[in-house]
Amino acid sequence: MVTVTNYLSDGFTLRSWLTTHDHKRIAVLYMVAITAFFFLGGAAATMIRLELATPQGDLVSADTYNKLFTVHGVVMVWFFLIPSIPAVLGNFLVPLMIGAKDMAFPRLNLASWYVYVLGGLFTVAALVAGGVDTGWTFYTPYSTRFTDSNVILVILGVFIVGFSSILTGLNIIVTVHKLRAPGLGWFRLPLFIWANYATSLILLLATPVLAMTLVLVALERFTGIGIFDPALGGDPLLFQHLFWFYSHPAVYIMILPAMGVASEIIPCFARRTVFGYRFMAYAILGIATLGFLVWGHHMFVSGQSMYAGMVFSMLSFLVAIPSAIKVFNWTATLYKGSIFFSAPMLYALGFVGLFTIGGLTGLFLASLALDVHLTDTYFVVAHFHYIMVGGSVMMYLGALHFWWPKISGRMYPEMLGRIAALTLFLGFNLTFFPQYLLGWLGMPRRYHEYPPEFQLLNLFSSAGAAVLAVGYLLPLGYLGWSLFFGKRAPANPWGATGLEWQTPSPPPKHNFEEQPVVTRGPYAYDPVR
Amino acid sequence: MPTIPFDSRLERREAALLAMWAFLVTEALFFGPLFFGYVHGRIANPAAFVSASHPMHVVLGTLNTALLMTSSLTMALAVRGAQQGKAIRLWLALTALLGLAFLGIKASEYWMESSEVAKASGAELTFYFLYFAMTGLHALHLTIGIGVVAWLWRHAARFGREYHAPVEVSGLYWHFVDVVWVFLYPMFYLLERYNA
Amino acid sequence: MTYVLTWLALMILLALTCASSYFPMGPWNTIANMGISCAKALLIAIFFMHLKNAGALLRIAAFTGLVFLAILFGLSWTDYATRQISPAPWQDPAA
């Protein structure tokens with residue numbers, strides 16, 4: 001059998017991986033790193049759900065519990081969710097999908113991975129040194145003055161990893177502008193590209209604000225002087241405005257790429273072109289823009305003026321519109337389709353449903369009157385987990401399955417894939433649906449103990465977390481297995497459109513034997529009408 | 001020179017310019033929260049900010065502004081020189097020297113101001129916090145810029161009509177650092193000078 | 001040469017901004033200083049940074065940064081401009 005060189009067989013030493021300029025290898029490096037952080041954040045979640053299985057705070061102390069939810073939030077947001085689809089799938093697929101040989105700046109790409117790892121090391125160091133108990137939101141004055149946990153160390157970690165995000169975003173933006181294949185105009189681009197492009201705009205515009213805000217917290221903590229201290233004429237709410245100016249768009253960094261993935265998977269397994277392509281593209285841009293205008297909805301009860309609250313509430317309702325358009329369009333794409341329930345399709349359909357529920361509950365929270373009761377309760381926790389886990393994580397896994405043949409050159413076992421998707425869906429709902437009820441009943445978030453009447457729902461939630469864990473461990477197992485024993489994959493196992501499927505699985509080092517030329521639009525699945 | 005994945009030098013140069021502008025946008029947003037803190041402080045504590053600004057050395061600050069804007073001129077001339085294939089070392093050297101002069105004056109100001117800070121209280125401390133944070137961050141960026149210009153000076157022979165993107169891109173960065181200072185100068189030196 | 005003229009304009013504006021701060025004009029001092037800084041920044045961006053000759057893409061990129069800074073300041077202003085301090089009955093009225 002003739003061995004063809006591909007990007008995986010181009011050098012087997014560790015050194016060849018750690019000094020690579022190949023975007024595909026860098027994507028794999030990111031995949032390994034974020035998987036490690038995912039399980040670290042998951043370990044914290046396991047401890048949290050174990051503690052909350054009983055009403056008494058008997059497993060860990062209140063201080064330790066605070067440190068657990070802080071590490072869960074910090075690791076999951078900055079070291080898993082934000083890089084997940086853009087840095088893994090984006091890095092791998094963007095050049096392939098646009099017919100380019102690599103990203104615009106390959107060395108900068110490698111640098112971004114090293115910066116990610118460095119940020120991760122600082123964060124783990126903070127954990128080892130005893131952790132942080134401020135919550136991932138670092139509110140002042142607790143973080144600047146009153147806590148004695150390792151705030152500055154963890155801030156350094158997050159500050160550093162922010163630069164990794166910025167470099168990734170910069171690379172994607174320049175690549176999409178400058179390296180598209182001949183014939184590939186903007187409105188022939190796959191929606192995955194649109195989604196990662198918009199995400200990269202947010203990465204560039206929002207992350208620097210977070211970086212400086214965290215620096216200001218660290219400086220105030222270190223010197224005792226700063227802009228958040230009312231005694232010096234400052235304002236703690238300045239922190240919240242600055243923090244949420246980044247952190248709200250950050251949630252769109254987490255969901256837009258997932259929407260891009262859904263727009264690739266659903267047309268493929270419905271054998272239909274996506275419904276309303278232009279509206280989908282405009283909706284992506286609309287979400288990215290409007291997402292910058294709504295941050296005050298995290299501050300309705302903080303002391304912010306009521307007038308500002310009303311402005312932010314109205315803008316928050318507006319941002320639901322482009323998201324809803326996308327949900328309608330994915331659904332319409334299924335109409336008269338020839339649907340095949342592959343594992344990626346199960347993940348994608350689960351995504352559409354769970355994202356819808358999460359999004360609708362966001363509207364509850366956007367309503368000022370309701371938010372007064374629901375804020376800082378488990379309702380909020382359920383809302384964002386529906387979107388971040390039911391949405392982003394499901395699509396990250398769906399994407400891994402869909403493009404696994406391209407990335408690894410192997411097929412994963414399809415039946416196991418479907419079982420894992422269903423297990424995840426069931427486990428997820430069992431974990432997080434009860435939390436909506438708990439929040440509505442008044443259980444506050446970030447508490448390690450609660451009144452006994454909340455126990456039954458908490459037990460359901462903790463049981464669900466166990467099922468969810470199985471849903472995560474299964475793919476870890478069979479995807480790893482498939483690397484050695486999986487069936488070898490053809491170039492296009494799904495019969496999908498897109499330039500990435502026109503090259504072998506796995507692709508050669510420079511992606512294409514000849515420069516592809518594009519002559520038609522994306523998702524050409526419909527027969528000639 | 002690696003030109004993978006670009007098809008031509010022109011494409012690579014355009015990509016470099018776009019990348020630097022995108023990076024400068026991130027830098028503008030990086031300085032943003034500091035400006036935000038200043039605006040809040042100035043509106044909430046006008047008297048304290050004014051009184052804290054009076055001991056500032058307006059002559060040195062004005063001189064520094066002139067030096068930095070002149071260095072932007074010399075940098076622009078270096079960029080034009082590179083584009084036209086002419087000699088650029090003189091302009092680059094002048095740019096770096098003007099930048100170093102700025103830093104020297106700044107350092108001496110810091111030395112003199114540290115005793116003022118000890119006497120400050122309340123929102124005056126916030127003024128000084130912002131002053132040191134913003135001008136310090138600016139000085140850090142300027143130092144990096146001087147390093148880059150020195151590197152360009154060292155490798156000046158490489159640049160000419162065919163290949164000058166690194167000089168252009170460094171020029172953009174240098175001018176951005178100048179623009180930031182253009183805003184910092186009145187914010188810290190020119191508050192009610194008629195009462196000083 | 002355009003560059004030298006730009007430099008000259010910058011120097012004149014510098015003299016203007018410095019001198020005007022010695023005349024009491026109330027809020028107009030700040031407005032004048034900010035306006036002059038914006039003018040200087042525009043001169044540097046248009047002439048030294050070549051935005052005058054740059055394609056639409058680079059101009060849009062530059063403009064975008066300003067727009068989002070404006071959003072940060074503007075929307076936060078809806079909070080800061082409309083806060084009403086309601087002291088509790090037992091508080092010192094001056095607080």
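**Close-up 1. The two domains of chain C in the predicted model.** The centres of domain 1 of chain C and domain 2 of chain C, taken over C-alpha atoms, lie 21 Å apart. Domain 1 of chain C spans 1–53 and domain 2 of chain C spans 55–84; such bounds come from an automatic or database domain assignment. This is a predicted model, in which local features need pLDDT of at least 70 and side-chain atom pairs count only at pLDDT 80 or more, while totals for chains, interfaces and linings use all residues. Residues are numbered from 1 along each chain as its sequence is written, and chains are lettered from A and ligands numbered from 1 in the order in which they are written.

**Close-up 2. The contact of chain B with chain C.** Chain B contributes 29 residues and chain C 29 residues (contact: C-beta atoms, placed from the backbone, within 7 Å). On the side of chain B that touches chain C, two or more residues come from each of helix 1 (9–44), helix 3 (58–83) and helix 6 (165–189) of chain B. Helices are DSSP runs (H or I, at least four residues), numbered from the N terminus. Helix 1 of chain B gives the most, 10 residues. By class, this side has 21 nonpolar, 6 polar and 2 charged residues. Ala, Val, Leu, Ile, Met, Phe, Trp, Tyr, Cys and Pro count as nonpolar, Asp, Glu, Lys and Arg as charged, and the others, Gly among them, as polar.

**Close-up 3. Helix 1 of chain B against helix 3 of chain C.** Helix 1 of chain B packs on helix 3 (residues 56–80) of chain C at an angle of about 20 degrees, with the axes 9 Å apart. Axes are lines fitted to C-alpha atoms over the stretch in contact, and angles run from 0 to 180 degrees between N-to-C directions. The two helices are therefore roughly parallel (under 35 degrees). Residues that meet here include B:Trp21 and B:Phe36 in helix 1 of chain B, and C:Phe68 and C:Phe73 in helix 3 of chain C. This contact has 17 nonpolar, 3 polar and no charged residues.

**Close-up 4. The contact of chain B with chain A.** Chain B supplies 29 residues and chain A 30 residues. Helix 1 and helix 5 (123–154) of chain B each give at least two residues to the side of chain B that touches chain A. The largest share, 19 residues, belongs to helix 1 of chain B.

**Close-up 5. Helix 11 and helix 14 of chain A.** Helix 11 (residues 343–366) and helix 14 (residues 414–441) of chain A pack at about 15 degrees, with axes 9 Å apart. That angle makes helix 11 of chain A roughly parallel to helix 14 of chain A.

Methods. Two residues are in contact if their C-beta atoms, placed from the backbone, lie within 7 Å. Angles under 35 degrees count as roughly parallel, over 145 as roughly antiparallel, 65 to 115 as roughly perpendicular and the rest as oblique.
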